[in-house]
Amino acid sequence: MPHFLDIHTTDATALRAILDQAAAMKTARDGAPRATPDAENPLSNRMVALIFEKPSTRTRISFDLGVRQMGGQTMVLSGSELQLGHGETIADTARVLSRFVDLIMIRTFEESVLQELAEYASVPVINGLTNESHPCQIMADVMTFEEHRGPIAGRKVVWSGDGNNVCSSFLHAAGQLGFDFTFTGPDSLDPDPAAVAFARDKGSKVEIIRDPFEAVADADLVVTDTWVSMHDSQSTRERRHNLLRAYQVNDALMAAAKPDALFMHCLPAHREEEVTNSVMDGPQSVIWDEAENRLHAQKAIMRWCLDL
Ligand code: CP
Ligand code: NVA
């Protein structure tokens, strides 16, 4: 039985044969033209690494499924299992991964990890959420809004609650795609000033209004998210609940928005905390379309990254 257990217990001729075959396969791979991608399977022969340093349901499943639907393959890796979680630098990890895979999606903590990975990788990197942003989510959200209500340009989006990573990406989209954005929440949880400045510099009307009922007037879309994000210390939970209780999205708040206003939440939701069951499951909620559209938006993002 040809086990490969140790060099000193494997026949030297066999070692040489293995080395020769490895070199021959590498040369053949490097010389072979890439299979021409077809419309059905644009990611055929492509390997995508999906790295998660935080938990995920939607991002994990939608990326994995999206790659498979486009004929590619995935490796789903948890940060703690990689050397990344044990002291190897981000730059070195990026260099190594780039030798193996065609595309990297990472969900991580500090945005600087994402930036460093992208700087040193020679393959495209996609942000699957950091402490500071969640761009794939907002691409799906914009897609969902436009499916239901047409162009988002010129519309008013109101964020009620914590000015977190998802909120920042919404502000970035407001600037890039030309819609107005109102934040309502306590001042200690205001959105990132840089994201606010970005949207304003691009010409978007951005308002910060403390009274949630005043804020949602004329809203085309009301959005909220968890009051305690994955990177937040759990010890802040009680304090945040006290601060944010007034910003719960409930029937009364939705009634103060436009009659045809939509409701969105990136999920996972904490029912009866940041949003009531009546709104989550009510006629204005498009949360399941929003979740599904992660798949479609991300497939398009991956194709854009790989120019396919
Ligand atoms: N909305 C979102 O990104 O969900 P997951 O954390 O389940 O991926
Ligand atoms: N703001 C949340 C979003 C989860 C998808 C978090 O970062 O935990």
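Biologist: Among contacts in the protein chain between residues at least 6 apart in sequence, what percentage join residues at least 24 apart?

Modeller: This is a predicted model, and its protein chain holds twelve helices and nine strands. When contacts between residues at least 6 apart in sequence are taken, the share that joins residues at least 24 apart is 71%.

Biologist: What percentage of the residues in the protein chain are buried?

Modeller: The C-alpha trace spans about 80 × 45 × 35 Å along its principal axes. The protein chain has 308 residues, and the buried part of them amounts to 40%.

Biologist: How many buried residues does helix H1 have?

Modeller: Helix H1 covers residues 12–31 and has 20 residues. From its first C-alpha to its last it reaches 29 Å, close to the 28 Å expected at 1.5 Å a residue. H1 is hardly covered, and its count of buried residues is zero.

Biologist: Is Met264 buried or exposed?

Modeller: Met264 belongs to strand E9, residues 262–265. The cut-off for a buried residue is 20 or more other C-beta atoms within 10 Å. Met264 has 26 C-beta neighbours inside that distance, so it counts as buried.

Biologist: What distance separates the C-alpha atoms of Met264 and Ile287?

Modeller: Leaving aside neighbours within four places in sequence, Met264 is in contact with Asp141, Thr144, Leu221, Val223, Val286, Ile287 and Glu290. Of these contacts, Ile287 is 23 residues from Met264 along the chain, and their C-alpha atoms are separated by 5.4 Å.

Biologist: Within what arc do the buried residues of helix H3 fall?

Modeller: In helix H3, residues 90–100, the buried residues are Ile90, Thr93, Ala94 and Leu97. In an α-helix with 3.6 residues a turn, residues three or four places apart point the same way. Seen down the axis of H3, the buried residues line one face of the helix, because they fall within an arc of 100 degrees.

Biologist: Which exposed residues does the face of H3 turned away from its buried side carry?

Modeller: The buried residues of H3 pack against strand E1 (47–52), strand E3 (103–107) and helix H4 (111–120). The face turned away from that buried side carries the exposed residues Asp92 and Arg99.

Biologist: What distance separates the centres of domain 1 and domain 2?

Modeller: The domain assignment gives domain 1 as residues 32–132 and domain 2 as residues 135–288. The contact takes twelve residues from domain 1 and nine residues from domain 2. Taken over C-alpha atoms, the centres of the two domains are separated by 28 Å.

Biologist: Between which domains does ligand 1 lie?

Modeller: The residues that surround ligand 1 are Ser56, Thr57, Arg58, Thr59, Leu129, Gln137, Cys266, Leu267 and Pro268. By class, this shell has four nonpolar, four polar and one charged residues. Both domains give residues to the shell, so ligand 1 lies between domain 1 and domain 2.

Biologist: How many residues of the shell around ligand 2 are charged?

Modeller: Around ligand 2 are Leu129, Asn164, Asn165, Val166, Asp225, Thr226, Ser229, Met230 and Cys266. Four residues of this shell are nonpolar and four are polar, while the number that is charged is one.

Note on methods:
Residues are numbered from 1 along each chain as its sequence is written. Chains are lettered from A and ligands numbered from 1 in the order in which they are written. This is a predicted model: local features need pLDDT of at least 70, side-chain atom pairs count only at pLDDT 80 or more; totals for chains, interfaces and linings use all residues. A residue is near a molecule or strand if its C-beta atom, placed from the backbone, lies within 6 Å of it. Ala, Val, Leu, Ile, Met, Phe, Trp, Tyr, Cys and Pro count as nonpolar, Asp, Glu, Lys and Arg as charged, and the others, Gly among them, as polar. Helices (H or I, at least four residues) and strands (E, at least two) are DSSP runs, numbered from the N terminus. A residue is buried if 20 or more other C-beta atoms lie within 10 Å of its own, exposed if 12 or fewer, and partly exposed in between; C-beta atoms are placed from the backbone. Two residues are in contact if their C-beta atoms, placed from the backbone, lie within 7 Å. Domain bounds come from an automatic or database domain assignment. The arc is that of the directions from the helix axis to the C-beta atoms. The expected span of a helix is 1.5 Å times one less than its number of residues.
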